[in-house]
Structures are given as C-alpha cells and as structure tokens.
Amino acid sequence: MLKFMEKSFFSLVQKIGLLFALISFTLVVFLGWFSYEKINSRATDEISKPMIELAKYQNPISLQLETAPTDAMISSAPSDSQAAFNQKFDAYIEQIMANLQALPNELIGKSDAQFQIKVMIKIKSNAYVPALKLSYVESLSRLTRQLVNVGGDQVNVDEFLHWHDQEFARQVEQQTQQNLIKMGTAKSDQMTGFISLGMMGAALGFFIMFVMMLAMLRIERNTRR
C-alpha cells in the first residue's frame with residue numbers, strides 16, 4: 001500500500017513537473033519571439049516630399065495656418081556636392097520666375113519685383129533641410145506651371161506664394177508630428193522588448209529547474225527500484 005502511494009506521488013509530481021516544464025518552454029519561445037520583434041522596432045524622422053495640389057489654392061483655412069519652425073525644418077548644411085545642389089536650386093528658381101512672368105500680371109515684369117520674389121522664395125525655403133529646400137522650389141515650380149496652363153488672370157502672386165509656403169509648412173509639420181509619435185512608439189516597443197527579454201530569462205530559469213527536477217525524480221525512482 002505504501003509503495004503504491006509512493007509510486008502514485010512520484011508519478012503525479014512528475015506529470016506536474018512535466019506540465020510546468022512545457023509551459024515554461026512555451027513561454028521562452030513566445031517571449032523570445034516577442035522581445036525580438038519589439039527590440040527591432042525602428043522609426044525614422046525622415047520627411048517625404050510634401051505634395052501640394054493647385055486645387056487647394058484659395059482655401060481660406062489653409063491661408064490662416066501659421067506654422068512655427070520645428071527641429072525637422074531647421075536648415076543644415078547641404079550634402080557633399082554643394083555646387084550641384086546650388087545649380088539644381090537655382091534652376092528651379094529660374095523656372096518659377098519664368099512661369100510667373102508668363103502670367104498676365106504686369107507687376108511680375110518689373111525687375112525689382114522679380115528680385116523681391118526671388119529673395120522671398122530663398123528666405124522661405126531656407127528654413128528647411130537641403131532635401132526639403134529642393135522639394136519646396138520644385139513644388140512651387142510645378143504649381144506655377146499649372147497656373148500658367150489654366151490661365152491665372154485673377155491670381156494675386158503674393159497671396160499665392162504665401163499660401164504655398166503655409167501649405168508646405170503645414171505638411172512638413174504634420175509629418176514631423178507623425179514621426180515623433182512613431183519614434184515614441186518605437187522606443188516604447190523597445191523598452192517592452194527588453195522587459196520581455198528579462199521575463200524570457202526567468203522563464204528559461206524555471207524551465208531548467210523543472211527539467212532538473214524531472215531528472216532527479218527519475219533518478220530517485222530508478223534508485224528505489
């Protein structure tokens with residue numbers, strides 16, 4: 001009777017130990033995969049080229065937006081090829097001026113007005129990093145060409161340039177905020193991943209402990225036989 005109870009006890013403990021060992025192993029595998037995914041979460045603060053449509057022009061809401069410069073807008077030194085950057089930038093400026101001169105507006109024909117517009121565009125675009133500077137003048141060049149194609153009889157050039165500047169800044173600001181949220185989420189995921197990694201280590205410790213317990217129970221049963 002005593003041997004039967006002892007055998008039943010060892011069998012029950014062995015089954016319980018095996019169950020917990022399997023649970024621990026499952027946790028090790030799951031937490032290992034989960035922590036790997038979280039730790040490798042990445043986010044970038046890169047801002048893609050804003051896409052401004054001419055159809056949004058003269059939208060009162062857009063014209064009222066005033067966007068303060070953010071860290072993503074702050075100008076930095078252009079890339080290695082300064083000459084190539086300047087050449088491309090100046091080419092866009094010339095295209096903009098040519099498009100504006102094609103509009104039925106006598107004011108644009110005056111040399112002092114042309115100079116003021118050039119200076120204003122350069123000042124406005126100078127608030128951005130080099131890649132966004134080119135995007136700024138490229139966008140303005142494209143939109144002024146569209147103005148010429150549709151015929152800008154009633155276009156107020158100053159208002160149009162102000163609208164473009166605000167719309168461009170709004171989209172940059174929007175992407176900047178989205179990137180900040182993504183980067184914050186990525187950091188939170190990485191922290192969660194490291195916590196999960198610690199939990200995986202604990203689960204691995206329990207797994208080893210239960211395996212050793214099962215091995216000792218097996219040895220004990222063999223010894224008693």
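Is Tyr 136 buried or exposed? At 2% relative accessibility, Tyr 136 is buried, where buried means under 20% relative accessible area, exposed means over 50%, and partly exposed is in between (1.4 Å probe, protein chains only).

## Before you start

This is a predicted model, where local features need pLDDT of at least 70 and side-chain atom pairs count only at pLDDT 80 or more, while totals for chains, interfaces and linings use all residues. Residues are numbered from 1 along each chain as its sequence is written, and side-chain values use heavy atoms, with hydrogens and water left out.

## The overall picture

The protein has six helices and zero strands, so its elements read α-α-α-α-α-α from the N terminus on, with helices (H or I, at least four residues) and strands (E, at least two) being DSSP runs numbered from the N terminus. Of its 225 residues, 33% count as buried.

Among contacts with a separation of 6 or more, 88% come from residues 24 or more positions apart; a contact means heavy atoms within 4.5 Å. The protein exposes about 14300 Å², and carbon and sulfur atoms supply 62% of that (Shrake-Rupley method, 1.4 Å probe; for residues, only the protein chains shown count as cover).

## Inside: the core

The largest nonpolar core has 27 residues. Such a core is a set of buried Ala, Val, Leu, Ile, Met, Phe, Trp, Tyr and Cys residues joined through side-chain atoms within 4.5 Å. Those with the most contacts inside this one are Leu 100, Ile 117, Ile 121, Tyr 128, Val 137, Phe 160 and Phe 168. Helix 3 (82-101), helix 4 (111-125), helix 5 (130-150) and helix 6 (157-224) each supply at least two residues of this core.

Leu 12, Ile 16, Leu 19, Phe 20, Ile 23 and Leu 27 make a nonpolar surface patch of about 540 Å². Patches are made of residues with over 30% relative accessible area and no salt bridge; like charges are joined within 9 Å, and nonpolar side chains (Val, Leu, Ile, Met, Phe, Trp, Tyr) within 5 Å. Ile 23 is found in helix 1 (residues 2-39) and is partly exposed, at 42%.

## Rings that pair up

There are nine aromatic pairs in the structure. Rings of Phe, Tyr and Trp (its six-membered ring) pair if their centres lie within 6.5 Å; planes under 30 degrees apart count as stacked, over 60 as edge-to-face and the rest as tilted. Phe 30 and Phe 34 are stacked, 6.0 Å centre to centre with 20 degrees between the planes. They sit four residues apart in helix 1, so about one helical turn separates them. Phe 30, Trp 33 and Phe 34 form one aromatic cluster.

Phe 34 is partly exposed at 24%. Back to Tyr 136: its ring centre is 5.0 Å from that of Phe 168 and the planes are at 75 degrees, so this pair is edge-to-face. Tyr 136 lies in helix 5 and Phe 168 in helix 6, so the pair ties together parts 32 residues apart in sequence. Phe 168 is buried too, at 0%.

## Salt bridges

The whole structure holds four salt bridges, each a side-chain nitrogen of Lys or Arg within 4 Å of a carboxyl oxygen of Asp or Glu. One of them joins Asp 189 and Lys 38 (3.5 Å, N to O). This pair links helix 6 to helix 1, across 151 residues.

Lys 124 also bridges to Asp 165, with the closest N and O atoms 3.7 Å apart. Lys 124 is partly exposed at 33%, whereas Asp 165 is buried at 7%.
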